[in-house]
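Colleague: Before we start, could you walk me through how the labels for this model are reached? I would like to see each value set beside its cut-off.

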Amino acid sequence: GNSLPQWRKVCKVIIFVTPLHDYYLNRISNENKEKFDSTVRDISTEYNLKYYNFSTYSDLPIWSNISHVSFNKNSTIYSKDVSDIIMREIQCCLTQ
């Protein structure tokens, strides 16, 4: 792989793909979805970054409209999962 950029030596970096509503996902071709996923995975591998993909949230009842996760009790699963990732990454950094 490539040598780490200077900023990677002091900052913990992950790749985080936010959820999209089914409305958007159904309008993207499978080929483009695969290209995007492949590109993100290649970057993740090249720079040894963790990759978190939230595309599985598309059909959950967390949406206030097609572009915004709702602010209600159903959307807390998304917020909790993001906070769990942050806490895991912090713990990982503290134990190294």
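Colleague: Why does F54 count as buried?

Modeller: Buried means under 20% relative accessible area, exposed means over 50%, and partly exposed lies in between, with a 1.4 Å probe and protein chains only. F54 has 4% relative accessibility, so F54 counts as buried. Please keep in mind that this is a predicted model, in which local features need pLDDT of at least 70 and side-chain atom pairs count only at pLDDT 80 or more, while totals for chains, interfaces and linings use all residues. Residues are numbered from 1 along each chain as its sequence is written, and side-chain values use heavy atoms, with hydrogens and water left out.

Colleague: How many aromatic pairs does the structure hold?

Modeller: The structure holds 5 aromatic pairs, where rings of Phe, Tyr and Trp (its six-membered ring) pair if their centres lie within 6.5 Å, and planes under 30 degrees apart count as stacked, over 60 as edge-to-face and the rest as tilted.

Colleague: What makes the pair of F54 and Y78 edge-to-face?

Modeller: The ring centres of F54 and Y78 are 5.6 Å apart and their planes stand at 85°, so the pair is edge-to-face. F54 lies in the loop between β2 (50–53) and β3 (63–65), whereas Y78 lies in helix α3 (residues 76–94), so this pair ties together parts that are 24 residues apart in sequence. Helices (H or I, at least four residues) and strands (E, at least two) are DSSP runs, numbered from the N terminus.

Colleague: Is Y78 buried or exposed?

Modeller: Y78 has a relative accessible area of 15%, so Y78 is buried.

Colleague: Why is the pair of Y57 and Y78 given its name?

Modeller: Their ring centres are 5.7 Å apart and their planes are at 75°, so the pair of Y57 and Y78 is edge-to-face. Y57 is in the loop between β2 and β3 and Y78 in helix α3, 21 residues apart, and the pair links these distant parts of the chain. Y57, with a relative accessible area of 7%, is buried too. Ring pairs link F16, F54, Y57 and Y78 into a cluster.

Colleague: Where does I66 lie, and why is I66 called partly exposed?

Modeller: I66 lies in the loop between β3 and β4 (68–69), and its relative accessible area is 33%, so I66 is partly exposed.
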